[in-house]
Amino acid sequence: MNQSEIETDARPGSSESERKSTGSTNDPTRTIEYIHKGGGRTTLHLGPNSSEKLPNIQIGDQNIMMVGGTGACSRRKSKNNKKPKKNIEAPDRPITDAECDTISENLGRDYKKFSRKMGFKEVQIEQIEMDYRDEGHYEITYQLLRKLRNLGKDKLQDVVDTLQMIEREDILEELNII
């Protein structure tokens, strides 16, 4: 392979990965090989007409390519597609046991994000995680909500605002608040 057949990665300053393209003028197929920084390898074999018009291809670490359409399959959220937040008014009272239960059942892994927004320090979250790690997310969330109650910081409006902030309106629907 001669030097003209090797292209370096398109990212500025990158020399850790390479794209190699092979194939002669007599060979109807073309192969593009990408060696990832972590040692992985991507190989593409292109058909006979690929030399006339190369397809749109992205090869590399953590690239996302949307083919046709508006990108409904994209894993990234578009900031323009976010719905404006509704101002949800909740009764001025502490959360009930039933509401604690519903939140604990539905919050899942978002309990950390929720707890941080509710004002817990990282050390407090970690302590409850350590104490209840064998019980799962439900119990960790329930204990965090219990701690909020003991501190007197369990106002329903604050919980509603926090659930909206972390985009968990589904839980508000479960609570029959929206």
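These questions and answers cover the nonpolar core and helix packing of a predicted model.

Reader: How many residues are in the largest nonpolar core?
Author: Residues with the most contacts inside this core are Ile103, Leu107, Phe114, Leu145, Val159 and Leu163. Helices α1, α2, α3, α4, α5 and α6 each supply at least two of its residues. The core's residue count is 24.

Reader: Which residues does Ile103 contact, leaving aside its neighbours within four places in sequence?
Author: Ile103 is among the core residues with the most contacts inside the core. With those sequence neighbours set aside, its partners are Thr141, Leu145, Val159, Ile171 and Leu175.

Reader: Within what arc do the buried residues of α3 fall, seen down its axis?
Author: The buried residues of α3 are Ile125, Ile128 and Glu129. They line one face of the helix, because their arc, seen down the axis, is within 105 degrees.

Reader: Which exposed residues sit on the face of α3 turned away from its buried side?
Author: The buried residues of α3 pack against α2 and α4. The face turned away from that buried side carries Val123 and Met130.

Reader: Is α3 roughly parallel or oblique to α4?
Author: Gln124, Ile125, Ile128, Glu129 and Tyr132 in α3 meet Glu139, Ile140, Gln143, Leu144 and Lys147 in α4. The axes of α3 and α4 are 9 Å apart, at an angle of about 130 degrees. That angle makes the arrangement of α3 to α4 oblique.

Reader: Is the crossing of α3 and α4 left-handed or right-handed?
Author: The two helices pack at about 130 degrees. The crossing of α3 and α4 is right-handed.

Definitions and conventions: Residues numbered from 1 in each chain as written. Predicted model: local features only at pLDDT ≥ 70, side-chain atom pairs only at ≥ 80, totals over all residues. Heavy atoms only, no water. Core = buried A, V, L, I, M, F, W, Y, C linked by side-chain atoms within 4.5 Å. Buried < 20%, exposed > 50% of the residue type's maximum accessible area, 1.4 Å probe, protein only. Helix = DSSP H or I, 4+ residues; strand = E, 2+ residues; numbered from the N terminus. Contact = heavy atoms within 4.5 Å. Arc of directions from axis to C-beta. Axes fitted to C-alpha atoms, helices over the stretch in contact; angles between N-to-C directions. Parallel < 35°, antiparallel > 145°, perpendicular 65-115°, else oblique. Left-handed = near helix turned anticlockwise from the far one by under 90°.
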